[in-house]
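I am opening a notebook page on this structure for a reader who has not seen it before. The sequence and the model come first, and my entries follow.

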Amino acid sequence: MARDDFTKPTKNQAYQRVAGRCSNPDCRATTSAPVGEVDFSNVGVGAHIHAASPGGPRYLAAMTAEDRRGFGNIIWLCQTCSTIIDRDPDSYPAKTLKAWKTSAEARALMEQGKRLPEEKDIYRMAAMAMGTRTPGFYPEAIGNVHKALVDQLEAVDPRFTVSTAYSAGNTTITVGAKETVSFSIKIGQESADVWRKGLQASIDEGREATLPLDGVVFEGSKLFDVLHKDADLASITIVPMARPAVLKILAPQIEPAIFETIGGQLTAGRKQIRFAGAGCGGLLDVELAFTPTNRNDVHSVSTLTTNLKAWQGKEAANPPYLDVFINLLEAILDPSASVSFVLEVDGNQAAAGKFHIPKHIEAMNETLAFAHYARRARNVLRYLRKSAPIDIFESISTDDHRALARVSDIVEGKLSYQRSQVTAPPEMTVGCTVEEEKNLMEIVRRGSFSVLKQTESASLVTIYGKKYEVPPTTSYYSPVRLHILSKKKKKQIVDFRLRIEMADNFTSQTFFDVQQ
């Protein structure tokens, strides 16, 4: 029986409509190329979707001869793909081949008049995907990836808005409803208790709830099926609707009256309204919970939490928010102080009240002690013109802190005393040569008040585990009178133990022995 072959115009039509490329979407090889100076070669085939004669692959007896050799029965393929589809017709039924043809024609229309990617483009895109530096930067590429993912997910269920983010190795997909959407969640026994508590906290108290997806099935939207099964997400976080709010921490007895202004979010549940925010550059977390009472009143509970990790690695000569942080902690820990708050939404006061005494007083005191250490370290490093990172994990001994405090006091000019500040006559040991011994004995014999000068050599101070040299010091005590308590000779040196008698107008001052 004769074959119902395609005419040359039909073959040329099929070739032109796919831009000469193989219609197999996994191949798309170019089928025509030049030979010599004027000729060309063609490795493409106008293949039959339904065979041209009985016994052939996918032969359809009901077709007329005209239809069998018509354009609707032809698909343009390279010779390799043409052979593959005819040797295995069960794997490549007519429906598949017609889909290939339609897709290839649509692809050719989309690519018409556009530059096809070159090999270097592929390498550049691969390098960008792997984070490798390339010649040239394409900032729109990141946005294009996110937009493509958002478009794909929103097409699954147009009732939702989708946004994506990638940070620190984690992908976050945020889903919001454009309208009221009903769906159900089936939870396995192993996760039921966690989900029950999380949903209760989210619905009643307006809290975020991060819940595991193991054994969880969503019904009512294909979007959640895609995210759960295809994206292989480990957890889902329910985020209540939130409004921006500002919390002002007040202390009327201290200047300025406003200690800190903290930005945060206000969320509402069925039983509670909550404010959560962070201040002092992340050093302070604040949470306020407002609960209606049976007396048509509102009960508020405040929680303050410090977070010294916000300082880790920061410049020790300039710790952010240091002075404000210390002033705030001292006021909060002072039982006689009155620290209150004003909560504002859109510039209008929404609530006001007093802060409660922190539950973890000991931990708060430890934080304050470290903040004082950080302040003294800052003073000394600035004076020495040194730079160092803050290390909150470094062990700090009492002796190191005491030595640092002394050096910091000298820097600030605070290492000075009046007579009223000294509770008992100080004593000191002085080593003298034979000549100096005579001078000292004469001073003591005269019994007059005079100025005592004491010098100390350069010393070392430890800051965050690293030692720094500080200059020599000179101390002046005036007016004083000396009394010998004991005398002991060691070879050429005589050690005197002296008691210092201070006049009523006594003062002392210690300075570094350098010119600034």
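**Entry 1, ground rules and confidence.** I noted that this is a predicted model, in which local features need pLDDT of at least 70 and side-chain atom pairs count only at pLDDT 80 or more, while totals for chains, interfaces and linings use all residues. Residues are numbered from 1 along each chain as its sequence is written, and side-chain values use heavy atoms, with hydrogens and water left out. I looked up pLDDT (the predictor's confidence in each residue, from 0 to 100) and found a chain average of 86, with 92% of the residues at 70 or above. Helices and strands here are DSSP runs (H or I of at least four residues for helices, E of at least two for strands, numbered from the N terminus). Helix α5 (residues 119–129) has the lowest confidence, a mean of 58, whereas strand β4 (residues 74–78) has the highest, at 95.

I took the terms first: on a 1 Å grid over the protein atoms alone, a cavity is a set of points where a 1.4 Å probe fits but cannot get out, a pocket is an open set with protein on both sides within 12 Å along at least five of seven lines, and lining residues have an atom within 4 Å of a point. Grid points are joined across faces, edges and corners, and a volume is the space filled by probe spheres set on the points. The largest pocket holds about 1,100 Å³ of space. It is lined by 30 residues, of which V175, I236, T237, I238 and V239 are the closest to its centre. Strand β6 contributes the most to this lining, 7 residues. I sorted the lining by class (Ala, Val, Leu, Ile, Met, Phe, Trp, Tyr, Cys and Pro as nonpolar, Asp, Glu, Lys and Arg as charged, the others, Gly among them, as polar) and found 22 nonpolar, 8 polar and no charged residues.

I found R497 in strand β24 (residues 493–512). R497 counts as partly exposed because its relative accessibility is 29%, the class between buried (under 20% relative accessible area) and exposed (over 50%), taken with a 1.4 Å probe on protein chains only. The C-alpha atom of R497 lies 5.3 Å from that of L485, 12 residues away along the chain. The side chains of R497 and T429 make a polar contact at 2.7 Å, meaning a pair of N or O atoms within 3.5 Å; within protein, one must be able to donate a hydrogen and the other to accept it, and residues adjacent in sequence count only if both atoms are side-chain atoms.

C280 has a phi near 50°, although C280 is not a glycine, and C280 is buried, with 1% relative accessible area. Y321 has a positive phi near 60°, and Y321 is partly exposed at 43% relative accessibility.
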